[in-house]
Amino acid sequence: YDLKSLKLPDSLKTIGVSAFLECTSLETISFAEGLENIGHGAFQNSKLRGELILPSNLNSIETGAFKETLLSGSLCLPNSLVTLASSAFSNCTRLSGVLIIPEGIAVLNNNVFEGCSNIEGIILPQTLSVIGQNAFKDCFSISTFVSNASSPPTVITGAFDGIPKDNFTVEVPEGSVNDFAYATGWNEFMRISAHRVFS
């Protein structure tokens, strides 16, 4: 448990279940580009801190992988990502900036960013279809919210609880404003308007 810094080899494809769970000395990690999967609870409750640089070929971040770590700054998720499992980054209270969910993500699972109280904005991909229970619960600092999905993603109970829904305008594709305005969960926001996508 005295491990403070770690550099992973290029040959490593998967970090296994609970591999560094509660490694309370671990502060920094350098991922190899060959890494494809970060397993269930891999870094949960470790003292991993600073900005997280994820490899560009990463496919999945499993349940609770970075839950309750000390990661800070903006979280940049790679475009290769297809799985963001439940509680993957929950209670990472030092994460900030605008969170861009990559194209290819269809489901934001339960509690995935719950308690990330300093994230300032969310941009959702065209591919998103479901936002899970409590996914963004208690993300109090959100002041920008953009959905690129033309059909409103299904919102499960509590997904937006704690977001200040009357402080900003949710931006959605032109032609989708009414759909969002009447959709369950989305109708909790006071203002929804069209954003223009410039190519």
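Trainee: What radius of gyration would a compact globule with 199 residues have, and what does the protein chain have?

Mentor: Good place to start, and keep in mind that this is a predicted model. A compact globule with 199 residues would have a radius of gyration near 16 Å, and the protein chain's 17 Å agrees with that. Along the principal axes, the C-alpha trace spans about 55 × 30 × 25 Å.

Trainee: Which secondary structure elements does the chain hold?

Mentor: The protein chain has 17 strands and one helix.

Trainee: How do strands β16 and β17 run, and how many bridges join them?

Mentor: They run parallel, with five bridges between β16 (residues 169-173) and β17 (residues 191-195). To find your place in the pair, look at valine 172, which stands opposite alanine 194 in β17.

Trainee: Now the interior. Where do nonpolar side chains tend to be in soluble globular proteins?

Mentor: They tend to be buried together. Here, 47% of the 199 residues count as buried. The largest nonpolar core has 57 residues, and Phe66, Leu84, Phe89 and Phe113 touch the most other members. The elements giving two or more residues to this core are β10 (95-100), β12 (119-124) and β16. β12 supplies the largest share, three residues.

Trainee: Which residues does phenylalanine 66 touch, leaving out those up to four places away in sequence?

Mentor: Among them are Phe31, Ile38, Phe43, Leu48, Leu71, Phe89 and Cys92.

Trainee: And what about the surface of the protein chain?

Mentor: Its accessible surface comes to about 9,100 Å², with 47% belonging to carbon and sulfur atoms.

Key: Residues are numbered from 1 along each chain as its sequence is written. This is a predicted model: local features need pLDDT of at least 70, side-chain atom pairs count only at pLDDT 80 or more; totals for chains, interfaces and linings use all residues. Side-chain values use heavy atoms; hydrogens and water are left out. Two strands pair if DSSP finds at least two bridges between them. Helices (H or I, at least four residues) and strands (E, at least two) are DSSP runs, numbered from the N terminus. The radius of gyration is taken over C-alpha atoms; the globule rule is 2.2 Å times the number of residues to the power 0.38. Buried means under 20% relative accessible area, exposed over 50%, partly exposed in between (1.4 Å probe, protein chains only). Accessible areas come from the Shrake-Rupley method with a 1.4 Å probe; for residues, only the protein chains shown count as cover. A nonpolar core is a set of buried Ala, Val, Leu, Ile, Met, Phe, Trp, Tyr and Cys residues joined through side-chain atoms within 4.5 Å. Contact means heavy atoms within 4.5 Å.
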